Amino acid sequence: MIERSFEAELLELNDLILKMGNMVQTSIHKSVEALKNRDESLSKDVIESDRNVDDLELLIDDKCITLIARIQPMAADLRFITTAMKITTDLERIGDLAVDIAQKNIELITMPLLKPLIDTPKLADIAKKMIAESIDTFVKRDSTRSIKIHSMEKEADKLRDLITDELAGIMMKDPTTVPRALPLLLIARYLERICDHAMNIAEDVVYMVEAKVVKHLPIDKK
Amino acid sequence: MKNAIEVKDLDFYYGKFKALSKVNIDVRRNEITALIGPSGCGKSTFLRCLNRMNDLIPGIKAEGSIKVEGVEINNGTTDLVDLRKKVGMVFQRPNPFPLSIFENVAFGPKIHRMAKGDELKDIVKSSLQKVLLWDEFKDKLNKNALSLTLEQQQRLCIARLVAVRPDILLMDEPCSALDPVAIQKIEDLMRFLKKDYTIIIVTHNMQQAARVSDRTGFFLLGELIEFSETDKIFTAPSDKRTEEYITGRYG
């Protein structure tokens, strides 16, 4: 059987999503490293390299729209292309959140460290793992891991709550710590949002593979 | 009863060749049902079973039940003239008679002695209105039908059916001889007509099936593989063979 003429273009789209996934993973990794090491130049690197993520988002969207117009995809092809478009939006937002973290790092570096970071790196690890997992489910067309990713997201929510409570306690005890605590609070929030986007990707993959909508469903119904 | 057609366990043979195997389908009234599938899969054969057009071919045999508006038609007692009045057919190429526009539309009602005089004129008018040709041709009803564009000819053929007050319109690739603009106009007409008729269309054009129909059936090697809502067939088909066909992986 002759290969479908647009098969190569679908593969290229797959590779571009993978590339974008790798880019945002690198951005998060760098922004978290920069937070731990109070590294201003690495933070700036994250901010500057976000343009590449944005460019790739536009390129992927353009490819998807062209494919829809030209091949008029149906069924699995249609689900693949529309999912790719949604995933790029999530990945682009993840990239922006890495930039937000980097910007808070730059603020924090100008002030003495409030406390040793313990839970934030843990939360960052979960965020990185969740993105890696969700991108992998897309590339491998594996819809079986959404439950696992969902439980990681719950873990992330718990850590974010722990961090929030701890920082709130510190700020209440000593209001002069607010300028140093607030950026940390926001960073925890950004990391938790990254996990939410990774969860979105995993749920979109379930639709792509099984044509089943699991968004907004309780865990036992996913 | 919401079904215009109910088919149960239909087998169909051309001589020894089995062209349809155990076809079961309920066609809902006032919906557009599309039948898709590769060439030779049996979709046109199936369509022609619904008004017994296959009877014109020697050596055919149809087994099973076909009910049109609740009445069994796959038997020796069906009045075929009456059946074909109820279940009209539009073909690939428009086939108007080499007569005037008026005579084309009046032909059926005259043959069936449904009307004459002013009543006949009213039927011609309302039929041409139904296919949106009246405004353009009300002063040119004596114009030869063969001088119309292909799309207008196809509309006229639909008006010719409509004139004998059918319940069901069968369309066998009605747009395959038409250009894209004409196709869109015929599709618009189909949507306009479905409030009054049940329409079944056989098409090779999957985008057309996706655009125009409410439900879609996929035929393969004489079997109805899958039949469900058009939205579902083209986004999330249940059967792997449907998926392969509509994404171009079949064959």
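Author: Let us begin with a single pair of residues. In this predicted model, B:Ile168 stands opposite B:Thr198 in β8(B). The path from β7(B) to β8(B) passes through helix α7 (residues 180-193) of chain B, and this β-α-β crossover is right-handed.

Reader: How many bridges join strand β7 to β8(B), and do they run parallel or antiparallel?

Author: Strand β7 (residues 168-172) of chain B is joined to β8(B) by five bridges, and the two run parallel.

Reader: Which residue stands opposite B:Ile199 in β8(B)?

Author: That residue is B:Ile32. Strand β3 (residues 32-36) of chain B also runs parallel to β8(B), with four bridges between them.

Reader: How should I read the side chains along a strand?

Author: The general idea is that side chains in a regular strand alternate between the two faces of the sheet. In β8(B), B:Thr198, B:Ile200 and B:Val202 point one way, whereas B:Ile199 and B:Ile201 point the other way.

Reader: Are these residues of β8(B) buried or exposed?

Author: All of them are buried. A residue counts as buried if 20 or more other C-beta atoms lie within 10 Å of its own. Strand β8 (residues 198-202) of chain B is accordingly described as mostly covered, with five of its five residues buried. Over chain B, buried residues make up 42% of the 251 residues.

Reader: In what order do the strands of the open sheet in chain B lie?

Author: The order is β2-β1-β4-β5 (chain B), and the pairing of these four strands is antiparallel. At the edges are β2 (17-28) and β5 (71-72) of chain B, each of which pairs on one side only. Within this sheet, strand β1 (residues 3-14) and strand β4 (residues 60-68) of chain B pair over eight bridges in the antiparallel sense. As one point of reference, B:Ile5 stands opposite B:Val68 in β4(B).

Reader: How many helices and strands does chain B have?

Author: The secondary structure of chain B comprises ten helices and ten strands.

Notes. Residues numbered from 1 in each chain as written. Chains lettered and ligands numbered in written order. Predicted model: local features only at pLDDT ≥ 70, side-chain atom pairs only at ≥ 80, totals over all residues. Pairing = 2+ DSSP bridges. Buried ≥ 20, exposed ≤ 12 C-beta atoms within 10 Å, placed from the backbone. Right-handed = clockwise from strand over helix to strand, strands pointing away.
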